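Here's a quick walk through one model, with the cut-offs spelled out as we go. Have the viewer open alongside.

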Amino acid sequence: QVQLVESGGGLVQPGGSLRLSCVVSGSIFEINAMDWYRQAPGKERELVASISSGGTTWHANSVKGRFTISRDNGKNTVYLQMDNLKPEDTAVYYCNARVRPTWFSAPVDYWGQGTQVTVSS
């Protein structure tokens, strides 16, 4: 069994910063890509940022230059540093990790429960 637990969401004023964390625990042989998604009310879930096991990153154009994804492989944790937040960043943010539970397992996508980020004055 693999669990993902996110933390760090909250209410912040426009221009402020938040740092999201997501810890992966349980039966883990290997973690491949780790991603952050978000879903605003009435909208589809969208990919915000992704990081490979080797540290290669990708950020959506809407957050490029403001958000930074990183990971600590020793702690099985992925982070999302969010700076210069805007009201349109308001959403539930979800962590996704592609995990091989055992050496003979194919990778499986696991999701966290989500953390609310609200940007408002």
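Two strands count as paired if DSSP finds at least two bridges between them. Strands themselves are DSSP runs (E, at least two residues), numbered from the N terminus. Keep in mind that this is a predicted model, where local features need pLDDT of at least 70, side-chain atom pairs count only at pLDDT 80 or more, and totals for chains, interfaces and linings use all residues. Residues are numbered from 1 along each chain as its sequence is written, and side-chain values use heavy atoms, with hydrogens and water left out.

**Around strand β3**

Let's start with pairing. Strand β3 pairs with strand β8 (residues 77-82) in the antiparallel sense, over six bridges. Within that pairing, C22 has V78 of β8 as its bridge partner.

Setting aside neighbours within four places in sequence, S21 is in contact (heavy atoms within 4.5 Å) with V5, E6, S7, W36, V78 and Y79. S52, 31 residues away in sequence, is 16 Å from S21, C-alpha to C-alpha.

C22 sits in strand β3 (residues 18-26) and C95 in strand β9 (residues 91-100), so the link ties together parts that are 73 residues apart in sequence. The angle about the S-S bond is -80 degrees, making the link left-handed. Both C22 and C95 are buried.

**Rings and charges**

The criterion is NZ of Lys or CZ of Arg within 6 Å of the ring centre and within 35 degrees of the ring normal.

| Charged residue | Ring | Distance to ring centre |
|---|---|---|
| R19 | Y79 | 4.0 Å |
| R45 | Y94 | 3.8 Å |

As for aromatic pairs (ring centres of Phe, Tyr or Trp, the last by its six-membered ring, within 6.5 Å; planes under 30 degrees apart are stacked, over 60 edge-to-face, the rest tilted), the whole structure has two. One of them is W103 with F104, edge-to-face at 5.5 Å centre to centre and 90 degrees between the planes. W103 counts as exposed at 60% relative accessibility, and F104 counts as exposed at 62%.

Terms used
Disulfide = S-S within 2.5 Å. Helix = DSSP H or I, 4+ residues; strand = E, 2+ residues; numbered from the N terminus. Buried < 20%, exposed > 50% of the residue type's maximum accessible area, 1.4 Å probe, protein only.
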